[in-house]
Amino acid sequence: MRTIIFRTIAPFLTALMVLFSVFVLLRGHNEPGGGFIGGLIAASALAIFGIACGVASVRRAIYFHPMSVSAFGLFLGALAGVLSFFKGQAFMTSQWLIFDFFGVEIALSTPMVFDIGVYLVVVGAIGSIALALEEREID
Amino acid sequence: MTPAVIDDTTLLAVLAPFAAAVVAPALTRWFKHNAAWPLALVPALIFLHFTGFIGPVSEGETFVAAKAWAPSYGVNFSVYVDGLSTLFALLISGIGTLIILYAGGYLKGHVQQGRFFSFLFLFMGSMLGLVLGNNLISLFIFWELTSITSFLLIGFDNLRAASRRAALQALLVTGGGGLALLAAFILIISATGEIEMSVLLGSPDIIKDTGLYLPIFILVLGGAFTKSAQFPFHFWLPNAMEAPTPVSAYLHSATMVKAGVYLLMRMHPLLGDTVLWTTVLPLFGGVTLLVGTVLAVRQTDLKLMLAYTTVASLGLLVMLTGTSYEKALEGAVLYLLAHSLFKGGLFMIAGTIDHEAGTRDVTKLGGLRTAMPITFAAACLAALSMSGLPPFIGFIAKEVLYYGTWGWPGAGLAVTLVAVAGNALMLVIAAAVALKPFLGPKVETPKHAHEGPVLLIAGPVVLSLTGLVLAFMAHTTGLLFVGPALSSLTGEFKQIDLHLWPTSFNAPLILSIITVGLGIVLYTQLDRLRSLIASVLAAIGWGPDKGFDQVVRGIVGFSGRITRLVQTGNMQTYMTVIFVFTAIAVLLPGYLTGGLPEMPEMPEYRFYEWGILFIAVLGLIAVLVAKTRLTAIVSLGIQGFAVALIFMMFGAPDLSFTQFMVETLSVVILALVMTRLNLMPSDHRSTPAAILTGIIACAVGLGLTLTLLAITQQPFDTRLSDFFAQFSRSIAHGRNIVNVIIVDFRGFDTLGEIAVVVLAGLCVLALIRVRTKPDKTVEDSTTDAVQTQASEAR
């Protein structure tokens with residue numbers, strides 16, 4: 001698998017895929033996409049990087065343990081639901097903040113935060129499974 | 001009298017220790033052990049708050065305060081302040097103040113001292129919530145919280161196996177009893193429709209009239225007897241002595257173990273004064289009293305001696321409560337007060353001796369009176385009270401309780417004899433604890449003994465002196481503490497006139513003299529008595545403590561056998577079972593409801609649609625004819641991609657997108673798994689086995705197809721899709737309906753799902769980390785992995 005071509009291309013491919021995954025994640029509310037798909041794309045990006053350049057460099061690159069990323073995603077998802085308590089509304093009632101940013105309408109919302117949580121959960125969980133499987137000489 | 005409603009300060013008083021538990025670790029980091037001083041202010045303030053209730057309560061007033069907690073279930077956070085709960089609250093906060101100080105000195109320099117303070121405060125809050133609890137459900141919650149905090153405190157020294165075992169044992173016994181209590185409360189709530197204790201107490205016959213008295217009675221006893229360590233559940237309490245001494249002094253003598261007695265006293269107006277009550281309680285209480293004292297004599301460890309006498313005292317309290325005879329109940333209340341004071345003090349003294357001399361084995365101690373004079377003085381005061389000698393509160397308590405047992409028209413004589421025997425033996429222990437370490441020739445101890453610091457001395461001295469002061473103010477004690485508490489037990493207002501010195505030469509006094517005489521005789525024969533009991537116990541050779549181990553081992557073994565039956569660890573078996581049942585689940589309903597769905601008309605497919613179908617079928621054929629497993633996996637991917645294309649063409653881009661990614665990733669991950677497992681490259685199943693799996697696979701496929709056909713032939717209910725289509729833009733500001741459903745409309749489902757994903761990730765990670773045996777090719781190495789995991793777990 002570690003051919004020179006693959007190893008040269010893999011980092012660029014990974015970077016592109018991660019970028020694309022974020023794009024898919026953010027446009028999810030209006031176009032095909034969303035946290036789950038985005039997360040899967042990013043996870044496969046990590047898997048490719050791992051196959052090409054070794055798991056150690058992936059772990060270095062993402063700094064956090066993928067399982068912590070996953071757990072943080074779950075925390076973020078739950079947190080997004082709690083925000084509505086401050087307005088005395090039921091758990092996970094969506095909150096929207098729409099404002100004008102240099103003529104562009106920006107919409108920040110708890111469903112988006114929640115979707116980012118989903119994204120992180122999927123990246124973390126699938127990524128850590130893939131990386132652990134690629135790491136053949138653990139122990 | 002209906003209780004008056006008060007403001008929320010009392011509710012805050014219950015919650016204050018929880019707040020203190022949060023700040024305790026930080027304070028301890030800054031001030032080291034001196035954090036005990038500011039922290040002790042919390043229980044001291046609570047104590048002050050409750051002293052404010054003494055006056056009104058002694059005039060027969062009661063108070064309630066409540067905040068809604070889960071109002072839809074009738075669960076409120078509510079308190080009920082009357083004589084009994086005031087007495088308990090004062091004991092908890094007052095002794096709690098001293099214990100916090102004592103813990104400051106006892107665990108000085110311990111790395112986890114902050115955590116220890118934290119646990120103590122958590123317990124304190126739970127205990128306050130318990131004794132003040134008015135709402136049955138919140139009372140139960142605090143009841144279980146005391147079990148949990150007790151678990152944390154007993155297991156504080158978590159590196160020792162003995163403390164872990166003791167902690168678990170205490171949790172299982174008291175927590176199990178707590179579940180019985182929950183059942184009792186639910187029965188009470190459903191039978192009477194009332195959930196507040198104050199309301200129930202307002203009509204005392206309400207439970208007796210329901211016809212559910214017997215089950216409620218048994219379940220309440222299940223909770224009370226386990227918590228208050230009544231025979232045969234007494235074994236957890238001596239084992240709990242593994243905890244640091246402040247815990248033993250606080251939880252396992254003065255407060256938590258009295259929760260069971262509290263419950264019995266609290267429920268006395270509701271459940272008491274029946275034949276069942278006056279038979280069962282004195283019987284168990286009396287047996288516990290005798291067993292406790294006899295086992296106490298057997299011990300040489302100061303803490304264990306005290307622990308067994310605590311068991312005995314709890315037995316005495318249950319016995320007295322069980323008589324439902326007013327004078328005996330008065331004795332119970334007095335003895336409860338006296339016991340908390342002297343036993344808490346004696347435990348702290350035992351801890352101080354251990355701390356300063358390095359051992360608490362009574363046979364290795366002696367002559368400490370010159371080295372530790374203040375401790376010795378406090379020990380003497382507390383021990384005199386425990387022995388029931390004048391002029392201490394213990395003496396008054398014993399007089400009153402003898403008066404009660406002697407006059408009880410039930411089995412008065414038997415109960416009196418048991419009480420005399422028990423008290424005589426308690427005197428023996430009191431003398432052994434207070435005199436043996438201090439008198440006699442000086443014995444070399446592991447540490448050079450000297451007087452403890454003020455943090456260690458303050459507690460025992462204050463408690464012992466309180467025992468003295470309360471006795472000298474006997475009249476006031478009776479009026480302010482005993483009378484109001486007794487009123488709670490009997491359900492009608494009582495005023496008690498106590499005096500320190502007996503007014504006449506009557507039966508109780510004679511019984512006291514007999515007790516003291518018997519005690520002194522036995523004390524002179526202590527060593528002989530100890531070896532005698534030891535040999536008798538050795539002859540029996542079995543006790544509830546061993547029984548507990550046997551029960552736990554039995555349960556673990558039983559569940560192990562069940563697990564091995566259900567979880568064979570063989571992947572092939574799992575898959576077969578899953579798919580056979582899937583086939584049954586999809587085929588059986590169709591068969592039972594009769595008839596196959598109609599064959600749909602074949603629509604006109606375009607050529608590229610045919611092409612995709614062809615690719616899917618080709619993929620399936622490739623799976624079947626593939627020589628190696630790896631090829632088969634990749635071929636399965638072909639079919640998956642074809643399906644993704646179909647989704648794409650029929651207007652489900654999201655689904656198709658996801659399907660593509662899932663297919664890619666599952667092929668990658670499966671391929672990685674294949675390279676990791678030492679599998680044979682190809683499938684070597686016998687032909688019959690292959691045919692069998694083929695049949696199962698076809699059955700599932702057929703079933704799913706038929707189900708799908710049947711579903712699509714039903715009229716389509718468009719309410720949900722209409723709703724989503726109509727509102728996804730206007731309410732949820734999103735044009736992608738699928739995404740809006742996932743993150744907004746059904747967001748709570750997704751939250752659950754991502755939690756599952758995280759957990760699944762963790763599980764898979766754990767499975768991968770399992771070390772597989774090297775250089776071994778097996779047909780199905782998942783089996784191997786699971787077996788390795790099981791053997792490592794063993």
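A:Tyr63 counts as exposed, because 8 C-beta neighbours lie inside 10 Å. A:Tyr63 sits in the loop that lies between α3 (55-62) and α4 (66-82) of chain A. Helices (H or I, at least four residues) and strands (E, at least two) are DSSP runs, numbered from the N terminus.

The model is predicted: local features need pLDDT of at least 70, side-chain atom pairs count only at pLDDT 80 or more, and totals for chains, interfaces and linings use all residues. Residues are numbered from 1 along each chain as its sequence is written, while chains are lettered from A and ligands numbered from 1 in the order in which they are written.

**Backbone exceptions in chain B**

Most residues other than glycine have a negative phi, and most peptide bonds are trans. B:Lys32, which is not a glycine, has a positive phi of about 55°. B:Lys32 is placed in the loop between α1 (9-31) and α2 (36-58) of chain B. With 14 other C-beta atoms within 10 Å, B:Lys32 is partly exposed.

Chain B also has a cis peptide bond from B:Phe231 to B:Pro232, with omega near 0°. B:Pro232 belongs to the loop between α8 (213-227) and α9 (236-239) of chain B. The bond from B:Pro390 to B:Pro391 is likewise cis, with omega near 0°, and B:Pro391 is found in the loop between α15 (373-387) and α16 (393-407) of chain B.

**The hairpin of chain A**

In chain A, strands β1 (residues 96-101) and β2 (residues 104-109) run antiparallel and are joined by 6 bridges; two strands pair if DSSP finds at least two bridges between them. A:Phe101 has A:Val104 of β2(A) as its bridge partner. β1(A) and β2(A) form a hairpin with 2 residues between them, and A:Phe102 in the turn has a positive phi of about 50°.

**Contact between the chains**

The contact takes 43 residues from chain A and 38 residues from chain B, where two residues are in contact if their C-beta atoms, placed from the backbone, lie within 7 Å. On the side of chain B that touches chain A, the elements giving two or more residues are α26 (653-676), α29 (737-745) and α30 (747-769) of chain B. Of these, α30(B) gives the most, with 14 residues.

Methods
Buried ≥ 20, exposed ≤ 12 C-beta atoms within 10 Å, placed from the backbone.
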